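Hello,

Here is the structure I promised to pass on to you. My notes on what turned up in it follow below, so please read them with the model open beside you.

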Amino acid sequence: MSAASRVALVTGANKGIGFAIARELCRQFSGDVVLTARDEARGRAAVQQLQAEGLSPRFHLLDIDDLQSIRALRDFLRKEYGGLDVLVNNAGIAFKTNDPTPFHIQAEVTMKTNFFGTRDVCTELLPLMKPQADDPTPLHIQAEVTLKTNFFGTRDICTELLPLVKPQGRVVNVSSVMGFVTLKQCSPELQQKFTSEAITEEELGMLMNKFVEDVKNGVHKKEGWPDMKLVTYGISKMGITILSRIHARKLSEQRRGDKIFLNACCPGWLRTDMGGPKGIKSPEEGAETPVYLALLPSDAEGPHGEFVMEKKVEQWGLSFQFPPWIVI
Ligand code: NDP
């Protein structure tokens, strides 16, 4: 390996979409592909599976919740490649839905369900939802754990690895339309903050922490956060989509000549452990948009700082047009 070698890296790549993205990059990317996982055995098993298919990924341990782990990876990339060409932030978690414990009163949910009429359908169709899966974890723990990985873990990866991205590099943050579902259901005050072009990474981090605190203190509804299933997941993904815009803006300001493109995307509703068996696409189909963004050619003019679905740039924010498989 030399500093001149190109390298692409996928987080959370031992299974699901991340594994499919890593496989496709092994086939199409001209350079090394580093498959990362937080569990060594699971990661190495995934590498072996790709090797059995004639592909040659490298492996590196990475737990995006652990700054030391991120920094060890950063040092590895610096030493072996002098930087990074493609970063796909895919790792994420979702608690199962229908948690009866702290999610306020069942009756309230039922009222809401009945009032809107389509809630049962919605429950079936919302992405990332596993049917009949009751997760008893208290909501405040869900909030803390989900935000820790999906938002803060991904943010820390960006803090440590974005400076390593080489000219013409590509960064893909695997986010979700669920982010826009939650944005739509936030109070006008929160919506105004989240959609402001001037929001900073610090302000966003503070708002993400405030959500966790508000849930802990039982005041999240009063404070304007949505009262809906998958709220913790949705908020974490909303954070990632907004963070992507902030980072893209910074890259444009600070490394204008480098033509680095950074985008957020939604892979669709997929049949993975997270998406459940009713997902409408395979992980391979879901990998198409992230891989397209990871491999944007050197003469491309964009996209940059966008939210992309089905390889198409979508209207960002409150004017986002929801795909038919989302019912809100
Ligand atoms: P899976 O649950 O199948 O896979 C998630 C991956 O992330 C696993 O490899 C998991 O590792 C890893 N991971 C979780 N926490 C960490 C961590 N702290 N550090 C490193 N890796 C971690 O989910 P999907 O493949 O379905 O989802 C991948 C991405 O796509 C997620 O960001 C998700 O939010 C997004 N997405 C998924 C949709 C869907 O329908 N499936 C829809 C929209 C977006 P381990 O095996 O060790 O748990």
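The structure holds 21 salt bridges, a salt bridge being a side-chain nitrogen of Lys or Arg within 4 Å of a carboxyl oxygen of Asp or Glu. Before I go through some of them, please note that this is a predicted model, in which local features need pLDDT of at least 70 and side-chain atom pairs count only at pLDDT 80 or more, while totals for chains, interfaces and linings use all residues. Residues are numbered from 1 along each chain as its sequence is written, and side-chain values use heavy atoms, with hydrogens and water left out.

One of the salt bridges joins R23 and E53, with 2.9 Å between the closest N and O atoms. R23 sits in helix α1 (residues 16-28) and E53 in the loop between α2 (40-52) and β3 (58-61), so this pair links distant parts of the chain, 30 residues apart. Helices (H or I, at least four residues) and strands (E, at least two) are DSSP runs, numbered from the N terminus. R23 counts as buried because its relative accessibility is 11%, whereas E53, at 35%, counts as partly exposed. For these words, buried means under 20% relative accessible area, exposed means over 50%, and partly exposed is in between (1.4 Å probe, protein chains only).

R74 and E160 also meet through their side chains, at 2.6 Å from N to O. Here too distant parts of the chain are linked: R74 belongs to helix α3 (residues 67-81) and E160 to helix α6 (residues 139-161), 86 residues apart. R74 counts as buried at 16% relative accessibility, and E160 counts as buried at 10%. This pair is part of a network of salt bridges that links R71, R74, D75 and E160.

A further salt bridge is formed by R245 and E197, whose closest N and O atoms are 2.7 Å apart. R245 lies in helix α10 (residues 231-254) and E197 in the loop between α8 (188-195) and α9 (201-216), so the pair ties together parts that are 48 residues apart in sequence. R245 counts as partly exposed at 21% relative accessibility, while E197 is exposed, with a relative accessible area of 54%.

Now to the ligand. Which residues come nearest to it? Of the 30 residues around the ligand, these are N14, R38, N90, Y233 and T272; a residue is near if one of its heavy atoms lies within 4 Å. The shell divides into twelve nonpolar, eleven polar and seven charged residues. In that count, Ala, Val, Leu, Ile, Met, Phe, Trp, Tyr, Cys and Pro are nonpolar, Asp, Glu, Lys and Arg are charged, and the others, Gly among them, are polar. Helices α1 and α10 each supply at least two residues of the shell.

For N14, a polar side-chain atom is 2.7 Å from a ligand oxygen. For G12, a backbone N or O atom lies 3.1 Å from an oxygen of the ligand, and for I17 a backbone N or O atom lies 2.9 Å from one. The protein covers 96% of the 900 Å² of accessible area that the ligand has on its own. Accessible areas come from the Shrake-Rupley method with a 1.4 Å probe; for residues, only the protein chains shown count as cover.

- T149 lies in helix α6 and counts as buried at 7% relative accessibility. Leaving aside neighbours within four places in sequence, T149 is in contact (heavy atoms within 4.5 Å) with I64, D65, G92, I93 and T154.
- G302 and P303 are joined by a cis peptide bond, with omega about 0°. P303 is in the loop between α11 (283-294) and β7 (307-309).
- Q168 has a positive phi of about 70° although it is not a glycine. Q168 lies in strand β5 (residues 165-174) and is partly exposed, at 32%.
- K311 is also a residue other than glycine with a positive phi, near 60°. K311 is in the loop between β7 and β8 (312-314) and counts as partly exposed at 43% relative accessibility.

For the overall picture, the protein has eleven helices and eight strands, and buried residues make up 55% of its 328 residues.

Best wishes

How values were computed. A polar contact is a pair of N or O atoms within 3.5 Å; within protein, one must be able to donate a hydrogen and the other to accept it, and residues adjacent in sequence count only if both atoms are side-chain atoms.
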